[in-house]
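Subject: The structure to look through

Hello,

Here is the structure I promised to pass on. Please open it next to this email, and then read on for what turned up in it.

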Amino acid sequence: MTALSVRDLKVHFPAGKGKVVHAVDGVSFDIPEGTAFGLVGESGSGKTTAALACARLVEATAGEVRLGETDITTLAGDAMRRARRDIQVVFQDPYASLNPRERVGAIVRRPLDLMKVGTPAEREARVDELFATVGLRPDQKALFPHQFSGGQRQRIGIARALATHPKLIVCDEPVSALDVAIQAQILNLLARLKAEMGLSYLFISHDLAVVQHLCDRIAVMYLGQIVETGSRREIFTSPLHPYTMALISAVPSPETGLAGSERIRLQGDPPSPIAPPPGCRFAGRCTFATDHCRKVAPVLTATGGNHAVACHRAQDAEVAAARNALVQGAPSG
Amino acid sequence: MSAPLLSVRDLEISFRLGTEETAVVRDLSFDLGEGETLGIVGESGCGKSITALSLLGLVPNPPGRVSAGQILFQGQDLVGASEEQLNRIRGNEISMVFQEPMTSLNPVYTVGEQIAETARVHFGSSRAEAWDRAIEMLKLVGIPSPEQRAHNFPHQLSGGMRQRVMIAIALVCEPKILIADEPTTALDVTVQAQIFDLFRELQDKIGAAIILITHDIGVVAQMTNRVMVMYAGRKIEEGPVSGFIRDPRHPYTRGLISCIPRLSMSPSDMPDPLFEIPGVVPAPRELGAPGCAFAPRCPHAMQRCRVQDPALSRIGEGRAVACWLEEEVAA
């Protein structure tokens, strides 16, 4: 079964003077039930906008977002509210995403109240259960958000997201605001919940190591489009797109020490999403770009397994050599 | 060995919390040599940033103050130095790049003016000279078409570009020491890599010593020569970076290194759970209790750890650690 199926999703924002920001520009992916799907890319790649559109916190300009059988982009009123039981969000900033004037027990109970799930007594019991699930004590329900640390607040955000027994949770950079030691606690919690409850995640992060740790499948976004997608193993044992390779090689690793010589360097900044260049959007920063790349946009093409890439040159010897250097030069295990 | 460029001796920084004064940094001593890169690591709330601020005489007073110790820069003690003396050193000799490129620039001046201002104040350059210097600096930090970009306001630049502007401001006067407090935390990995390339180039070019505050062990491994680990306001481990990565000795250091997910080029289908350091950093008002501050979170804590604070002891060439386990091993 597929928990979420996204087809040709577009999110465009007006930028004044008739200009349009192509934040998400034709994105398709499926999230099988019980799996975590990671969207990675630099800031401005459209990963957060795509995820918010999947939860319908941003309206899609075009395309389909199927949650189970239902296309939620066309739902209205009460039908949309009911659909929200199945898709919940954990936000990036645990300081800004909890109401400072509400007790945390009430924050976690709020989705149940709004969706009228069970009797009030059942809701209270559910809140106790949720607190225990995320590693908080039920007697902490009466406290306010400021009385908790960042990691504990993110646990509260996760408890709130779990309240209505959702099928899919959108996690928007859920650990990037946390300290390293606390990150590990929250990542382990998310992995445990996924295994125990069969949850699916749409997981947004700019941290490749975090995505690799938690996600079964990964899509790499660049300027509103998916440039490569595949299983965890496919993406990291054989990254096909030069942008994926550049991202991987930019991650500083404790083992490689003062590396950098074999790094695949990117030139400059991404182009403007208001007037994306014709041809491949990455061509302007790509070491391997040819005139063909600058003129004709490559399409996402399956290469076997779950792996697909949008690059004219992915299979060329020059790119393959850089890939081998990257994969073999890096530590294994 | 010649005298170090910077020598911090028994530094103590205290903050007034209500009626009581608590030391948030205690017994901190370290040296920084010319051209060296020192990494300071630890979780938030361990005293890294306030230590950095103290080197520039920027501890907010009140409620804070440097309550003991010396900060010797080329032999001159910066503790108790006059504002005038400090102003000669800030920017000229020691400068700082802050974590947040979004909030550290003035939104109502162009970036060119902000760089030029530094040149005018410190060199007494004319407006035209300072403007030329600003453009030169923008070029140095790798900003394309610097003549146009100098006329941009901060909001017109990306995060990576803003951080480069911050670095340009910090480097206008070619300081001897550059303090970078989590300079790339808000940035993408690709931009981070560019910023660090820039640091290395500048170090080669002007020979600055760098103090790099970070919680990213990968960054430490790539950028620094020597590492100092802080916990609850104290130095708990120090040594050359290679030993720090390969053979961390303090349980906190080991925890910090093993709790981060590592990028692997041959990932397994079912990753093991990450190592967790349970609990959180103690709050300032919990400091000063007897025993090792890390004991409540330490998997190896013994009876002795809860009553007696271990002192920093040498464990080999340039390495030191503050942990009772070392004595157990030695015995």
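Predicted model: local features only at pLDDT ≥ 70, side-chain atom pairs only at ≥ 80, totals over all residues.

In chain B, four strands make an open sheet in the order E2-E1-E4-E5, with antiparallel pairing. Strand E2 (20-32) and strand E5 (76-77) of chain B are at the edges with a single partner strand each, so one side of each has no neighbour in the sheet. If sheets are new to you, their strands pair through backbone hydrogen bonds, either parallel or antiparallel.

What lies across this sheet? Helix H1 (residues 48-55) of chain B lies across strand E1 (6-17), E2 and E4 of chain B, and it runs at about 70° to E2(B). As for confidence, chain B has a mean pLDDT of 88, with 98% of its residues at 70 or more. The model as a whole scores ipTM 0.80 and pTM 0.86.

On to chain A, which holds eleven helices and twelve strands. Its radius of gyration is 21 Å, close to the 20 Å that the globule rule gives for 333 residues, so chain A is as compact as a globular protein of that length. The C-alpha trace of chain A spans about 65 × 50 × 40 Å along its principal axes. Of the 333 residues in chain A, 51% count as buried. Among the contacts in chain A between residues at least 6 apart in sequence, 64% join residues at least 24 apart.

Which residues of helix H3 (residues 104-114) of chain A are buried? They are Val104(A), Gly105(A), Ile107(A), Val108(A), Arg109(A) and Leu112(A). The cover over them includes helix H4 (120-133) and helix H5 (150-162) of chain A. Just after H3(A) comes Lys116(A), with a positive phi of about 50°.

You can find another positive phi in a hairpin of chain A. Strand E11 (residues 301-304) and strand E12 (residues 307-309) of chain A pair in the antiparallel sense over three bridges, and Ala302(A) stands opposite Ala308(A) in E12(A). Two residues sit between the strands of this hairpin, and Gly305(A) in the turn has a positive phi of about 60°.

Next, look at Arg294(A), which lies in helix H10 (residues 291-295) of chain A. Is Arg294(A) buried or partly exposed? Arg294(A) has 15 C-beta neighbours inside 10 Å, so it counts as partly exposed; to be buried, a residue needs 20 or more. Leaving aside residues up to four places away in sequence, Arg294(A) touches Gly279(A), Ala283(A) and Ala289(A).

Finally, see where the two chains meet. The contact takes 41 residues from chain A and 39 residues from chain B. On the side of chain A that touches chain B, the elements giving two or more residues are helix H6 (180-197), helix H7 (208-214), helix H8 (232-237) and helix H9 (242-250). H6(A) gives the most, with seven residues. The residues on this side of chain A divide into 21 nonpolar, 14 polar and six charged.

Enjoy exploring it!

Best wishes

Conventions: Residues numbered from 1 in each chain as written. Chains lettered and ligands numbered in written order. Rg over C-alpha atoms; globule rule 2.2 N^0.38 Å. Buried ≥ 20, exposed ≤ 12 C-beta atoms within 10 Å, placed from the backbone. Contact = placed C-beta atoms within 7 Å. Nonpolar A, V, L, I, M, F, W, Y, C, P; charged D, E, K, R; others polar. pLDDT = per-residue confidence, 0-100. Pairing = 2+ DSSP bridges. Axes fitted to C-alpha atoms, helices over the stretch in contact; angles between N-to-C directions.
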